[in-house]
Every structure is written in structure tokens, then in C-alpha cells.
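Here is a short briefing to read alongside the model. Please keep the sequence and the coordinates open as you go.

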Amino acid sequence: MKARLLVLASALALGACVAGPAPEIDTLLPALPERFAFAPDAATGESLAALLPSEDPAFRGLTALALTDAPTLAEAVARIEIARAGVARTGAERLPSIGGDASVTGVRSNPDQFGGPLPAGTAVDSERLRYGANVTASWDMDLFGRLRAREQAAQARLDAAGFAAAAVRNALLAEIAAATIDWRTLAARQTALEQDLAAAEELMRLAGVRERAGIAPGFDRVRAEGAAAASRSRIAALASERARIAGRLVALTGQPGQRVVEVLASSAAEPVEPAPPVALPSRLLTNRPDVLAAAATLAAEDAELAAAAARRFPQLTLSATLGLLSFDLGDLFDEEAVVGSAGASLLAPLLDFGRIQADIDAAAAGKRLAFASYRDAVFTALGDAETAYGLIAAADRELAAAQQERASVDRAARLAETRFRAGLSDFLTVLEARRTADASGERAAAASGRALRARVLLWQALGGTPPTATVP
């Protein structure tokens with residue numbers, strides 16, 4: 001017994017020669033600003049969800065279709081299943097392994113192997129069959145947490161896959177929202193251009209009347225026709241933009257083009273630009289799925305480093321075998337046929353010429369890489385939020401100016417036409433006023449679309465739908 005204890009102590013001592021803690025990697029969280037530079041000064045009371053066009057039936061319909069059939073979401077779900085299988089695999093490694101086997105073995109022996117003639121009356125069966133069946137069990141007791149660390153790493157990777165799926169889902173919703181807004185914006189632009197075309201055609205009619213009456217030259221009619229042709233050209237150009245939007249939605253939703261166009265054909269109320277909610281930069285650490293995914297990956301690499309370092313320590317494995325052994329098939333299940341063994345083994349690294357240390361160095365480098373990726377995700381999130389807040393402020397100013405411009409030039413065009421009909425102004429003044437008013441409505445509609453789109457960017461930048469580790 002003392003000899004066995006001495007052997008055990010010697011193995012532990014030799015293992016301790018190469019054992020030691022995992023190297024420390026600096027993972028200090030980056031300092032965050034107290035507030036966003038372009039965020040509103042006062043709270044607005046609006047929720048983050050209000051930034052999406054949730055009241056638009058086209059957005060709701062396309063979202064429902066995408067969440068069911070979108071290829072990008074299917075890919076994310078598959079990655080989650082792969083990670084979940086990894087958790088199950090590493091968890092199973094911490095449990096005993098039980099197996100069984102059965103065998104039939106033919107044995108032929110040489111009587112001369114005994115070194116001389118056998119005693120009288122002694123016979124040896126030189127050819128025999130041996131029947132056996134065994135149940136074996138082994139269990140790595142994981143004294144130093146190597147298997148436990150690997151299971152923690154797998155669980156962290158599953159969390160990372162869930163957060164990555166949430167990021168894919170948010171990106172999908174943001175793309176659908178932006179495409180829906182673009183589609184509605186095209187409709188508003190077309191309405192404005194059709195109003196310009198109707199005004200230009202009225203000027204054409206009036207110029208034609210004056211030309212036939214000999215009051216004005218044909219040049220006035222030609223100029224009015226040019227203004228109408230310009231409006232028709234801009235209206236025709238909208239068709240290519242519609243095709244691009246529909247194609248993008250086909251890729252996003254996994255639906256045929258006809259189905260996408262049918263959903264987009266539903267009518268919607270006039271959009272309203274909600275006030276942007278005020279959020280703190282620290283919220284990004286808990287609400288941005290890409291930041292959470294990066295943090296989970298960092299946790300996984302930390303656990304992998306712990307598992308690599310634990311390989312320096314001895315591994316204690318318990319094993320046992322219970323079986324049946326007989327040279328006659330009929331005696332296989334007799335009590336005398338029962339055999340078995342039980343034991344423990346200790347495996348310790350003594351001299352591996354740097355193999356374990358190389359694995360530890362690689363794991364440490366992986367953790368440093370994961371931390372760099374985490375910092376990159378945090379600052380990318382900060383930059384996205386600042387950009388979105390700044391775009392909203394700029395787009396709102398642009399929209400206000402465009403709406404004011406539209407009101408002013410439309411009023412000027414109406415006044416010029418009224419004065420012309422009263423004989424107080426010439427046709428050239430009316431035409432110039434109308435030309436100035438042309439496309440002002442389209443610019444206002446486009447500015448409204450950019451303001452709504454900026455709000456979708458803010459929704460995504462601030463984290464969108466709050467993620468969980470089990471999304472979707």
C-alpha cells in the first residue's frame with residue numbers, strides 16, 4: 001500500500017513540474033462615453049420599437065414571410081444547432097463511458113511449449129474455442145476541470161450563436177423596413193411628379209389655346225411640352241427603382257417576386273417621423289446582439305484557455321470490466337464464467353517537448369483575438385449609434401427645409417398662374433415659376449423617406465429587438 005501511495009505521489013509531483021495557472025490576458029472593458037454626441041438633449045418618451053414602420057401592413061406581411069422562410073435565418077438556426085450539438089458532446093464527455101463487446105476466439109496451442117513431455121495421464125486440448133462477453137466502463141474524474149472548461153466553452157459558443165442569430169434577425173427586419181420605406185417613398189415621389197405633370201400639361205393646353213388664337217408664339221407651347229416631358233421621364237425612371245427594391249425583398253424573404261409585389265400593393269397611412277429615443281451608450285453592451293455575441297465568444301476563448309492549461313495536470317481515470325469467459329458455449333452463463341476487474345489509472349505529462357505549452361500559447365492568442373474583436377464590436381456599435389443619431393438630426397432639418405421649399409414654390413406658381421390669367425404677367429413668368437416648383441414635391445417625399453430610413457438605422461444601432469441566448 002505504501003508503495004502505491006509513493007508511486008501516486010511521485011506522479012503528482014512530476015505533473016506539477018509542468019503544471020501552472022493559465023496566462024493572464026488583459027480584458028479590461030473599454031471606457032464608454034456618458035452620452036451620445038448627436039443624441040437629443042432631452043428624453044422624448046418614444047420607444048425603440050416605434051422607429052420601425054410597424055403600422056404598415058406591407059412591413060408586417062413581409063416580416064411574417066421572412067421570419068418563416070428567410071435563407072439567412074435558416075443559416076443562423078443551423079449554426080445554433082451545430083453549437084447545441086457541441087454542448088451535448090462536451091457535456092457527455094464528463095460522464096462515464098459504458099460499452100460492451102462479445103467475442104468468439106479460436107486458440108491453438110503446442111504441447112511442446114511446456115518444455116517437455118506431459119505427465120502420464122495428462123492431456124492438453126491443443127485446439128479450443130473461447131467465448132466471452134464483457135461490459136466495460138471508464139470515467140475521467142476531471143480533477144482539474146479540463147472537461148468542465150471545455151463544456152463551458154461550448155455553452156458560450158452556443159450563446160454566441162444565439163446572439164449572432166438575433167443580429168441576423170435584426171438586420172433582416174431593418175432591411176425589410178428600409179425596403180418598405182423606399183417603396184412607399186417611390187409612391188409619394190410618383191404622386192408628386194404626376195402633380196407636376198398635370199400642371200405642365202395644363203400649361204401646354206393654355207399655351208396651345210393662345211397659339212391658335214394668335215396671341216402667343218408656338219415657342220411657349222414647346223417650352224411647356226419640354227417641362228411635361230421632363231416629368232414623364234422622371235416618372236418612368238421610378239420603375240427601375242421599384243424593380244431593385246422588389247428584387248432585394250425576394251432575396252430577404254425567400255418569396256417569389258409576384259408574392260412580394262402583392263404584399264407591397266397594400267395601402268398604408270401617411271407615415272409619421274417619430275422622435276428618436278434617448279439611449280445611454282452603456283445600453284449597447286446589453287442590447288446589441290453583435291456585442292453580446294463577441295462577449296460570448298470571448299468567454300468561450302477564456303474557457304478554452306483554461307482547458308488547455310488544465311492539460312498540464314494529471315488525469316485520473318477509473319475503469320471497470322465485468323464479463324463472461326468460457327471455453328464451452330453451454331457454460332458461458334455459469335457462475336464460474338463470471339470475470340471482472342476494476343482499477344484506476346493516472347496519466348501525467350512528464351516531457352512533451354512543448355506540445356502542451358504550444359496549445360496554451362495558441363489558446364491565449366485566441367483569447368487576445370476574441371478580446372480585440374469584442375472591442376471592435378463595441379466601438380462599431382458606438383459609431384453606428386452616433387451615425388444614426390446624426391443622420392436623424394440632419395434628415396429632419398432637410399425634411400423641414402424641403403417641405404418649406406415646396407410650400408413656397410407651389411404658392412409662387414399658383415400666384416404666377418393667377419396673375420397670368422388676369423393679364424398681369426406674361427407666360428414666361430408662369431413657366432419659370434412652374435419649372436421652379438417642379439420636383440419640389442418629389443424632393444420633399446425623398447427627404448421624408450430618408451428621415452424614416454434614418455430611424456430604422458437607429459433602431460438597429462441601439463440593438464433592435466432585445467436578444468436572448470436562445471434566439472431564434
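Helix α5 (residues 218-253) packs against helix α6 (residues 257-264) at an angle of about 110°, and their axes are 9 Å apart. This is a predicted model, where local features need pLDDT of at least 70, side-chain atom pairs count only at pLDDT 80 or more, and totals for chains, interfaces and linings use all residues. Residues are numbered from 1 along each chain as its sequence is written, and side-chain values use heavy atoms, with hydrogens and water left out.

**The α5 and α6 pair**

- The two helices, α5 and α6, are therefore roughly perpendicular to each other (65 to 115 degrees counts as roughly perpendicular).
- On the α5 side the contact (heavy atoms within 4.5 Å) is made by Ala246, Leu249, Val250 and Thr253, and on the α6 side by Gly257, Val260, Val261 and Leu264.
- By class, the contact of α5 with α6 has 6 nonpolar, 2 polar and no charged residues; here Ala, Val, Leu, Ile, Met, Phe, Trp, Tyr, Cys and Pro count as nonpolar, Asp, Glu, Lys and Arg as charged, and the others, Gly among them, as polar.
- Helices are DSSP runs (H or I, at least four residues), numbered from the N terminus.

**The largest pocket**

- The largest pocket has a volume of about 850 Å³.
- A pocket is an open set of points on a 1 Å grid over the protein atoms alone, with protein on both sides within 12 Å along at least five of seven lines, for a 1.4 Å probe; lining residues have an atom within 4 Å of a point.
- Of its 33 lining residues, Ala269, Glu270, Pro271, Val272 and Leu452 are the closest to the centre of the largest pocket.
- Two or more lining residues come from each of α4, α9 (355-421) and α11 (440-461), and α4 gives the largest share, 9 residues.
- The lining divides into 18 nonpolar, 9 polar and 6 charged residues.

**Buried residues**

- Thr185 is in helix α4 (residues 146-212) and counts as buried at 12% relative accessibility (buried means under 20% relative accessible area, with a 1.4 Å probe and protein chains only).
- Not counting residues up to four places away in sequence, Thr185 touches Ala445, Ala446 and Gly449.
- Lys367, in helix α9, counts as buried at 9% relative accessibility.
- Leaving aside neighbours within four places in sequence, Lys367 is in contact with Ile25, Thr27, Leu298, Glu301, Asp302 and Leu305.
- Arg146 is found in helix α4 and counts as buried at 15% relative accessibility.

Notes. Axes are lines fitted to C-alpha atoms, for helices over the stretch in contact, and angles run from 0 to 180 degrees between N-to-C directions. Angles under 35 degrees count as roughly parallel, over 145 as roughly antiparallel, 65 to 115 as roughly perpendicular and the rest as oblique. Buried means under 20% relative accessible area, exposed over 50%, partly exposed in between (1.4 Å probe, protein chains only). Grid points are joined across faces, edges and corners, and a volume is the space filled by probe spheres set on the points.
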